[in-house]
Structure formats: structure tokens, C-alpha cells
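Please keep the structure in view while reading.

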Amino acid sequence: ILLFLMFSVSVSAQTIKVKENKADFSVAQNVNALLVDIPYAPYDYVDGKLKKFFKGIGKHKQSKNEHSALMVELKEMGDIPFNAYAYGLTDKDESVSVVFGFDLGGAYLNSKDHPEKYKVIKERIEKFATNTVMNWIEDLVRTEKKVLNDEITYLSNEKSHKIRFYTRLRI
């Protein structure tokens, strides 16, 4: 529990921020993209959550390391469907970032040209990143708690065995 509190304070201190950038996707190069850093969680975990995220917005496809959902319709984004793409990156210190691209039908999403749509997508990406980190920490705490409980049970059993052993010696 203490570990969970330490990570929670640390996560809240490290703000999840979506940044605009240029990126390459399988269908387009050097296009507007959104980048978010996801601290603590390993690449495979983030990639699994990314797959789930894409399944939640449309028909998910994955080719190599790139996730996509075509003809996505979100009420908050208006009536025109769009295509979404994303892939994860790791750097030398194993920290993970996710690059998202949203093809609105000829133009890729950015804050200058599509401020309302950008706000909706930015909030979804921030929520995705925050939930991914929190779920990773909760899973980690749950695993460590189980290990600790197993160790306590083992030590308790050892103590009982020693008491019985010494009791028998006195008889």
C-alpha cells in the first residue's frame, strides 16, 4: 500500500501532457501527430492497452507495430468519420511514448486548424495515458501484495513448525 501511495504521488506530480509533432505512419509521412509520454509502464503493457483503446473506437487492425481504426465515428467529433493510427516508441532508458495520428479526410488533426476536435482527442489521449499508468501501478501493487502475503504465510508456517519442533524436543 505504501508503494502504491508513493507511485500515486509521483504520477500525479508527473503530469501527462499531449504534444503536437510531425510523424510518419504507414499511410502518410511527416504529418501532424500527437505524442504522449507514458511513464513507468513497459512497452508491451502500453501496446496491449493501445490495442484495447483502438478496439473501443472502431474496427482495430494492427500491422507490424502500428495500430489503426478506419472510418471511426465519434459523436463528439461530428458526423464525418476519420481514420486513427498509433504506435509506441521506447527510448534508451526504456520509457514509452505513443504517437497518434488522426486523418480527418485529407488533413491530419492539429490544434490550429481543428481546435474543437483537437480538444476532444487530446482529452481522450490524456485519459488513455493516465489510465494506463494507474492500471500498471495497480497491477504492480497487487502483484507485490500477493508476494508479501505469500511470504508472511510462509514465515508464519515456519514459525509454527519451529515451535512444534522445539516443543517436541522438550518432551
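The secondary structure of the chain consists of three helices and six strands, where helices (H or I, at least four residues) and strands (E, at least two) are DSSP runs, numbered from the N terminus. Read from the N terminus, the order of elements is α-β-β-α-β-β-β-β-α. The model is predicted: local features need pLDDT of at least 70 and side-chain atom pairs count only at pLDDT 80 or more, while totals for chains, interfaces and linings use all residues. Residues are numbered from 1 along each chain as its sequence is written, and side-chain values use heavy atoms, with hydrogens and water left out.

The chain has 171 residues, and 36% of them count as buried (buried is under 20% relative accessible area, exposed over 50%, partly exposed in between, with a 1.4 Å probe and protein chains only). Of the contacts (heavy atoms within 4.5 Å) with a separation of 6 or more, 51% are between residues 24 or more positions apart.

Side chains of opposite charge can pair when their charged atoms come close. A salt bridge is a side-chain nitrogen of Lys or Arg within 4 Å of a carboxyl oxygen of Asp or Glu. The whole structure holds four salt bridges, including those in the table.

| Salt bridge | N to O distance |
|---|---|
| Asp37 and Lys19 | 3.0 Å |
| Arg124 and Glu76 | 3.0 Å |
| Lys122 and Glu126 | 3.5 Å |

Asp37 is in strand E2 (residues 31-38) and Lys19 in strand E1 (residues 18-23), so this pair ties together parts 18 residues apart in sequence. Asp37 is partly exposed at 33% relative accessibility, and Lys19 is partly exposed at 37%.

The salt bridge of Arg124 with Glu76 links distant parts of the chain, 48 residues apart: Arg124 is in helix H3, and Glu76 is in the loop between strand E4 (66-72) and strand E5 (82-90). Lys122 and Glu126 both belong to helix H3 and are four residues apart, about one turn of the helix.

What volume does the largest pocket have? The value is about 240 Å³. A pocket is an open set of points on a 1 Å grid where a 1.4 Å probe fits, with protein on both sides within 12 Å along at least five of seven lines; lining residues have an atom within 4 Å of a point. Among the lining residues are Lys49, Phe53, Arg124 and Phe128. Helix H3 gives the largest share of the lining, six residues.

Definitions and conventions: Grid points are joined across faces, edges and corners, and a volume is the space filled by probe spheres set on the points.
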